[in-house]
Amino acid sequence: MAAPPNFEEGQSTYRPPRFNGQYYGWWKTRMHDFIMAEDLELRDVICNRPFVPMKTVSEGTTTVPKTRKEYNDAHRKAIEKNYRAKMILVCGIGPDEYNRISASKSAKEIWEALQIAHEGTTQVK
């Protein structure tokens, strides 16, 4: 995995690496490391799915999402992880890539949309 020619962006521990549509594999590795350094749980949110607090209704047979009024502090912190991961990913892409992921609701959806667009699906690989 080679670095882009004429790479002028400085390496920052405060800003996520910027992806401009080229050298996706290189950016993906750098973004992975940036996210892991930021918070290990963010990677779990991206790989799995965002946390949705659920409650059991109908005599213990059905689960439904809790309303925001029913959240406790632990629920809020877990939900914030998805938004933190989304923010890092969105801040690490340019406007052309943003158009590709703008309808995504979760960090996992963003990551998968970028991966499919630039690497293809697992069947194509």
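Before anything else, my exposure terms: buried is under 20% relative accessible area, exposed is over 50%, and partly exposed is in between, with a 1.4 Å probe and protein chains only. With that in hand, I looked up Asp-44, which is partly exposed because its relative accessibility is 44%.

A note on what I'm looking at. This is a predicted model, where local features need pLDDT of at least 70, side-chain atom pairs count only at pLDDT 80 or more, and totals for chains, interfaces and linings use all residues. Residues are numbered from 1 along each chain as its sequence is written, and side-chain values use heavy atoms, with hydrogens and water left out.

Entry, Asp-44. I found Asp-44 in helix 2; helices (H or I, at least four residues) and strands (E, at least two) are DSSP runs, numbered from the N terminus. I also checked Asp-44 against Ala-85: they are 41 residues apart along the chain, and their C-alpha atoms are separated by 9.8 Å.

Entry, salt bridges. Side chains of opposite charge can pair when their charged atoms come close. My cut-off is a side-chain nitrogen of Lys or Arg within 4 Å of a carboxyl oxygen of Asp or Glu. How many salt bridges does a search of the whole structure find? I got eight.

Entry, Arg-84 and Glu-38. Their side chains form a salt bridge at 2.2 Å, N to O. This one links distant parts of the chain, with Arg-84 in helix 3 (residues 73-91) and Glu-38 in helix 1 (residues 24-38), 46 residues apart. Arg-84 has a relative accessible area of 31%, so I put it down as partly exposed. Glu-38, with 34%, is partly exposed too.

Entry, Glu-41 and Lys-81. I have this salt bridge at 3.4 Å, N to O. Glu-41 is in helix 2 (residues 40-47) and Lys-81 in helix 3, so distant parts of the chain are linked, 40 residues apart. Glu-41 counts as partly exposed because its relative accessibility is 45%. I also noted a network of salt bridges that links Asp-39, Glu-41 and Lys-81.

Entry, Glu-70 and Lys-55. The side chains meet in a salt bridge of 3.0 Å, N to O. Glu-70 lies in the loop between strand 2 (62-65) and helix 3, while Lys-55 is in strand 1 (residues 54-57), so the pair ties together parts that are 15 residues apart in sequence. Buried or exposed, or something in between, for Glu-70? Glu-70 is partly exposed at 34% relative accessibility, and Lys-55 is partly exposed at 26%.
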